[in-house]
Amino acid sequence: MRMTSSTIRTRWSPKPDKATPHHRRAAKAAAAVAAGALALSLTACGGDDDGNSGTQGNTEETANNVTLPKLDGTSLEIAAVWTGAEQANFKKVLAEFEKRTGAKVTFVPAQDPIINFIGSKVAGGQPPDIAMLPQPGAIKQAVDRGWAKPIGTEAQKELGENYSQGWQDIGKVGGKQYGVYYKAANKSLIWYNNQVFENAGASEPETWPDLLKTAQTVYDSGVTPFSVGGAEGWTLTDWFENVYLSQAGPEKYDQLAKHEIKWTDPSVKDALTTLAQVWGKADYVATGALQTDFPASVTQVFTGGDQPKAAMVAAGDFAQVNIPTTMKVGTDAKVFPFPAVGDNGPVVSGGDAAVILQDSKGAQALATWLASPDAAQIQAKLGGYLSPNKNVPNSAYPNAVQQRIAKALIDAGDDFRFDMSDQAPQAFGGTPGKGEWKILQDFLKNPKDVAGTQAKLEAEAAAAYGG
């Protein structure tokens, strides 16, 4: 999954083929802890007077905790799929690197799937120096094809000081460090319009049945309950993964992520049937969902006064950049953890990793910079961003809501699950108009066809995973 690419899912772990016995043992016990920490961290979001305005973190000078070389005369390119505010904010991080080193860094807008974009650049003899890859599977592909270069000593030093072992491990292939996870995402969240909830007399749900009751209460008040950005298939995989992780549990989640069980498994049937309770309910999803992109799915919840197009949107922490500044986060725009479908609420994660494609002193320095708390702190202050870097001050985040989300991520340590579709081969889990994205779009259109959807998912997965 991804934001303009990325994701926190219920419990996190290294990518499937690198899962350690420790992670497998710890995951089940830690799941409830992680979900509980997230739930506690998001309570009392109302009444904050931080809103979208800065806290003390925004007034602090930029930290200077990392040593970088002088790179006068060096030109670098870094590619990512980020657009809009996300891209603009990242460019400010690059500008500080330029200021400190004397290098010139050009942001190269990429298209999804980025691994195909990088392939075309490599074929043309002009790959960017670094690419921000949103899937562990994409990192492995870049390594297998001989494109990616290992991370050097200085960047590894930053990783060791600033990241939990789990976040380091998901950037490794064959035991070598290739990825620096600069950006994380908590995708187990539902944002809502507080005025609509107050008008309807609705409350924040903690379980799936509670969510359905809340949706009906909102519907009865005259507002459509859910906005869904169905034009982008990854938003639908996020819905599925949150339901599946909570309902089927972490062991099944890991098995399905590695295609050790088939998509025709009864656990998938259960998850799709549960999803259909929302997607298939008349007038529960705002009209035009399959033509609604992710930014619009968020914006339409927070525009239109007390009669917006929808009341809620399931979206990661990064959704904040799409909430109009007229809506105060924590007061007008609130958030609650994705409700528990099974015994524990889900906490699913994703992220974007810097991968070096052209090894050089400059590229290694840029990777080192992105592994530092200095770089992450700059973007944290701007909002709509979450870092897995444990040494980013919590005060750097611009409001109490984001501070709580960030703290829950760091407190989870190594106990997490990474976005399932991001772990899959790109052909199945990360290509617009194909694979899981397209099949779930078809399911959104016809939520009654559970068996047919399972059969299509299994056929596509089998082909992508090689049987």
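User: Which residues of α15 do Glu 86, Asn 89, Phe 90, Lys 92, Val 93, Glu 96 and Arg 100 in α3 meet?

Analyst: This is a predicted model. In it, helix α3 covers residues 84-101 and helix α15 covers residues 373-382. The named α3 residues make contact with Asp 374, Ala 375, Ile 378, Gln 379 and Leu 382.

User: At what angle do the axes of α3 and α15 cross?

Analyst: The two axes come within 9 Å. α3 passes α15 in a right-handed crossing. The crossing angle is roughly 145°.

User: What is the handedness of the β-α-β unit that β2, α3 and β3 make?

Analyst: Strand β2 spans residues 75-80 and strand β3 spans residues 104-109. They pair in the parallel sense over six bridges, and Ser 75 has Lys 104 as its bridge partner in β3. With α3, the two strands make a unit that is right-handed.

User: Which residue in β4 is the bridge partner of Ala 79?

Analyst: β2 and β4 (residues 130-133) run parallel and are joined by two bridges. In β4, the partner of Ala 79 is Ala 131.

User: In which sense do β4 and β12 pair, parallel or antiparallel?

Analyst: β12 covers residues 349-356, and four bridges link this strand to β4. One of the bridge pairs is Ile 130 with Ile 356 in β12. The sense is antiparallel.

User: What is the strand order of the five-strand open sheet, and which are its edge strands?

Analyst: The order is β3-β2-β4-β12-β7, with mixed pairing. Neighbouring strands are turned by 20° against each other on average, direction ignored. Two strands pair on one side only, and these edge strands are β3 and β7 (179-186).

User: Which helix lies across β2, β3, β4, β7 and β12?

Analyst: The five strands named make up the open sheet β3-β2-β4-β12-β7. The helix across them spans residues 361-370 and runs at about 50° to β2. It is α14.

User: Which residue in β11 is the bridge partner of Tyr 192?

Analyst: β8 (residues 189-193) and β11 run antiparallel, joined by five bridges. For Tyr 192, the partner in β11 is Lys 334.

User: Which residues of β11 point the other way from Ala 333, Val 335 and Pro 337?

Analyst: In a regular strand, side chains alternate between the two sheet faces. In β11, five of its five residues are buried, with both directions represented. Opposite Ala 333, Val 335 and Pro 337 are Lys 334 and Phe 336.

User: How far apart are the end C-alpha atoms of α12?

Analyst: Helix α12 (residues 266-279) has 14 residues. At 1.5 Å a residue the helix should span 20 Å, and the model agrees, because the ends are apart by 19 Å.

User: Which elements do the buried residues of α12 pack against?

Analyst: The buried residues include Val 268, Leu 272, Leu 275 and Trp 279. Ser 267 and Thr 274 are also among them. The buried set packs against α9 (208-220), β9, α10 (233-248), α11 (250-257), α19 (435-445) and α20 (450-465).

How values were computed. Residues are numbered from 1 along each chain as its sequence is written. This is a predicted model: local features need pLDDT of at least 70, side-chain atom pairs count only at pLDDT 80 or more; totals for chains, interfaces and linings use all residues. Side-chain values use heavy atoms; hydrogens and water are left out. Two strands pair if DSSP finds at least two bridges between them. A crossover is right-handed if, with the strands pointing away from the viewer, the path from the first strand over the helix to the second runs clockwise. Axes are lines fitted to C-alpha atoms, for helices over the stretch in contact, and angles run from 0 to 180 degrees between N-to-C directions. Contact means heavy atoms within 4.5 Å. The expected span of a helix is 1.5 Å times one less than its number of residues. Buried means under 20% relative accessible area, exposed over 50%, partly exposed in between (1.4 Å probe, protein chains only). A crossing is left-handed if the near helix is turned anticlockwise from the far one by less than a right angle, and right-handed if clockwise.
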